[in-house]
Amino acid sequence: MADYYGQPQHTQHQFLQGAGQQPRSHQMVKAATAVTAGGSLLLLSGLTLAATVIALTIATPVLVIFSPVIVPAVITLFLLFSGFLASGGFGVAAISVLSWIYRYVTGKRPPGADQLEQARRKLATKAGEMKDKAQEFGQQHITGTHQT
């Protein structure tokens, strides 16, 4: 079929032999690029490490001197932000609950209304049973005291 399109046929040995081969100049360019990129990144990591050590050396005495002021300030800021966050969360929860109640009262059947109705019916049934038991107990107690 290769002869039909005017291309010479290659044997399997010739095809596999030339598959992984690249020109020598292309390999050299790839190696030079890899060495340059790797060296640059290695240099940058070394500079970053040196800058971190120098900054830590300079900052440590300052942090030790000002720690009686910094630590309470950080604690105060943490409490302040967590208070605002909690307040916002409670506000969102309250608005969503009030919205659900409004939809329930207006008859729009919000999610969970069916479970609420089922729980209300169970409570009403149990309350009726308890009322009946209390009346029976009261009748037994009244008739029991009159018999004695």
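Arginine 109 is partly exposed, because its relative accessible area is 46%, where partly exposed lies between buried (under 20%) and exposed (over 50%), computed with a 1.4 Å probe on protein chains only. This is a predicted model in which local features need pLDDT of at least 70 and side-chain atom pairs count only at pLDDT 80 or more, while totals for chains, interfaces and linings use all residues. Residues are numbered from 1 along each chain as its sequence is written, and side-chain values use heavy atoms, without hydrogens and water.

Arginine 109 sits in the loop between α2 (24-105) and α3 (113-147); helices are DSSP runs of H or I with at least four residues, numbered from the N terminus. The phi of arginine 109 is near 55 degrees, a positive value in a residue other than glycine. Most residues other than glycine have a negative phi.

Glutamate 117 belongs to helix α3. Glutamate 117 is buried, because its relative accessible area is 16%. Beyond its neighbours within four places in sequence, glutamate 117 is in contact (heavy atoms within 4.5 Å) with Tyr104 and Arg109. The side chains of glutamate 117 and arginine 120 are joined by a polar contact of 3.1 Å, that is, a pair of N or O atoms within 3.5 Å, one able to donate a hydrogen and the other to accept it.

Confidence is given by pLDDT, from 0 to 100 for each residue. The protein has a mean pLDDT of 85, and 83% of its residues reach 70 or more. Among its elements, α2 has the highest mean pLDDT (93) and helix α1 (residues 12-19) the lowest (49).

How values were computed
Helices (H or I, at least four residues) and strands (E, at least two) are DSSP runs, numbered from the N terminus. pLDDT is the predictor's confidence in each residue, from 0 to 100.
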